[in-house]
Amino acid sequence: MPVRTFRTPHPRRSRRALGALAASATAAVVAAATLLPAGQAGAVAGSLRTLAEAKGVYFGTAIGQGDLNNAALTTVAGAQFGMLTPTNEMKWETVEPSPGGFDFGPGDRIVAFGQAHAMKLRGHTLVWHSQLPAWMNNLPGSQVQAAMRNHIIATAGHYKGKLYSWDVVNEPFNENGTFRDDPFHRAMGSGYVADALRTAKAADPGAKLYLNDYNIEGLNAKSDAMYDLAKSLRSQGVPLDGVGFQAHFVVGQVPSSLKANLERFTALGLEVAITELDDRMQLPPDSGKLAQQARDYASVVTTCLAVRGCVGLTQWDVGDADSWIPGTFPGEGAGTMYDNAYQPKPAYHASVDALGGSASNPSPSPTPTPTPTPNPTDGVACAVTAEPNAWNTGLTENVTVTNSGSRAVNGWALSFTLPAGQTITGAWNAAVVPAAGRVTARSLGYNGTIAPGGSVSFGFQASHTGNAGPAGQFSLNGVACSAA
Ligand code: XIL
């Protein structure tokens with residue numbers, strides 16, 4: 001019979017308990033900060049991670065070993081995400097390139113990064129038709145079951161106790177809901193799924209065991225097949241804990257049946273997760289596509305939060321620069337929340353807002369701290385850097401203001417002039433008005449104080465009509481700043 005209760009304490013409880021605390025953005029940030037384990041390197045208040053954890057869910061990302069050398073990427077990963085999936089480092093071709101010859105070095109490096117940042121880890125993936133070594137693709141059918149079991153025992157055994165979950169079987173279905181013709185199905189029929197789950201359970205009893213697929217996010221033939229399989233496995237007592245919905249979306253095409261679909265799986269007593277979220281578009285991005293992408297991300301986050309049993313979301317890759325999309329879908333890209341320079345995009349701010357953060361909400365304008373009372377000007381001095389990252393019609397710009405004076409600044413108003421043709425469409429870490437011309441960015445509740453020698457960063461998105469240069473003529477609380 002289907003088991004109708006969850007096997008572990010349900011995240012809903014902590015979500016609800018914390019919901020009261022989250023009545024204000026400030027309280028949510030404080031609550032999140034106090035939940036974090038001591039020594040968690042890099043995670044920041046108001047981040048996707050802290051906001052998600054305050055709601056009882058995780059927010060993850062995926063990285064590969066080559067990414068570990070990219071300081072901008074790893075900084076964002078460590079600061080913003082609380083779950084980590086290796087993009088390729090636990091796949092069969094990497095782990096067991098020759099029969100019985102195992103190499104866990106690449107996977108271990110991803111695990112070490114996750115552990116250093118107190119992140120949870122998702123194992124990905126044990127049994128999958130793709131990224132198999134040639135020897136496995138060519139193995140006689142009579143040897144496939146033994147090879148599969150051996151691979152699972154060795155791999156799940158190696159990582160035993162370290163992973164939140166395993167994608168035990170990845171992408172078992174064709175689009176029409178029939179089983180994919182792969183070495184496992186050819187050798188064992190559909191029973192390979194139960195066999196793999198049971199083998200994984202024996203190798204790492206503590207890991208949540210998942211089936212994972214794409215194009216199963218909405219109600220359709222493929223998700224029907226996954227539902228029927230999951231229901232059948234549960235009724236037979238096969239150890240299946242969750243279903244992962246990859247969620248490789250196209251802007252504007254998040255299925256409207258996402259919530260109803262997730263809920264039919266949780267009704268089986270399963271947990272569900274968004275496991276590989278991205279939202280691609282035809283390149284180049286423009287403000288309209290980025291705005292739609294922001295709405296898409298917000299709706300996926302909101303849906304997971306609304307579904308009892310949705311335990312978290314993972315974005316596939318960290319930023320557009322390391323995303324797999326351009327290499328797989330020619331002409332498409334820009335699918336993540338971070339641009340090519342690892343600056344947050346509108347989708348990031350929309351996700352933060354959906355998680356109950358408000359500090360970076362560009363629309364409506366965030367509530368600034370009570371209009372700051374500028375300090376008397378003596379003792380005030382400042383230096384500013386302003387760095388735009390532009391594409392053909394838009395830009396994001398990061399501004400860092402350093403207090404080079406002798407006294408603390410308590411509440412700041414930084415005025416500056418935008419180049420002609422630039423119109424601000426959103427901002428983070430400051431409230432910025434008006435949208436064009438001479439504008440003023442004001443501190444928010446959490447970043448109003450700048451100690452002598454200290455600095456504060458904020459940023460904005462803008463459209464432009466050709467001049468994508470930086471803002472200029474900065475003044476802090478009425479005192480002109482120098483360029484840093
Ligand atoms: C992708 C990786 O990101 C790429 O680097 C690799 O070349 C191909 O695989 N569904 C999955 C992931 O389950 O394993 C895939 O990852 C993306 C689609």
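**Exercise 1.** How many Å separate an oxygen atom of the ligand from an N or O atom in the side chain of Glu-276? Then find two further side chains with such a pair of atoms.

*Solution.* Keep in mind that this is a predicted model.

Step 1: Start with Glu-276, where an N or O atom of the side chain is 2.8 Å from an oxygen atom of the ligand.

Step 2: Move on to Asn-170, whose side chain has an N or O atom 2.9 Å from a ligand oxygen. For Gln-131, the corresponding distance is 3.2 Å.

Step 3: Now look at the wider surroundings. The residues around the ligand also include Trp-128, His-248, Trp-316 and Trp-324.

**Exercise 2.** Work out how helix H11 (residues 221-235) is placed against helix H12 (residues 258-266).

*Solution.* 

Step 1: The two axes lie 10 Å apart, and the helices H11 and H12 pack at an angle of about 15°.

Step 2: Angles under 35 degrees count as roughly parallel, so H11 is roughly parallel to H12.

Step 3: On the H11 side, the contact is made by Ser-223, Asp-224, Met-226, Tyr-227 and Ala-230, while H12 brings in Asn-261, Arg-264 and Phe-265.

Step 4: Sort these residues by class, and you get four nonpolar, two polar and two charged ones.

Note on methods
Residues numbered from 1 in each chain as written. Predicted model: local features only at pLDDT ≥ 70, side-chain atom pairs only at ≥ 80, totals over all residues. Heavy atoms only, no water. Axes fitted to C-alpha atoms, helices over the stretch in contact; angles between N-to-C directions. Helix = DSSP H or I, 4+ residues; strand = E, 2+ residues; numbered from the N terminus. Parallel < 35°, antiparallel > 145°, perpendicular 65-115°, else oblique. Contact = heavy atoms within 4.5 Å. Nonpolar A, V, L, I, M, F, W, Y, C, P; charged D, E, K, R; others polar. Near = heavy atom within 4 Å. Polar contact = N/O pair within 3.5 Å; in protein donor to acceptor, adjacent residues only side chain to side chain.
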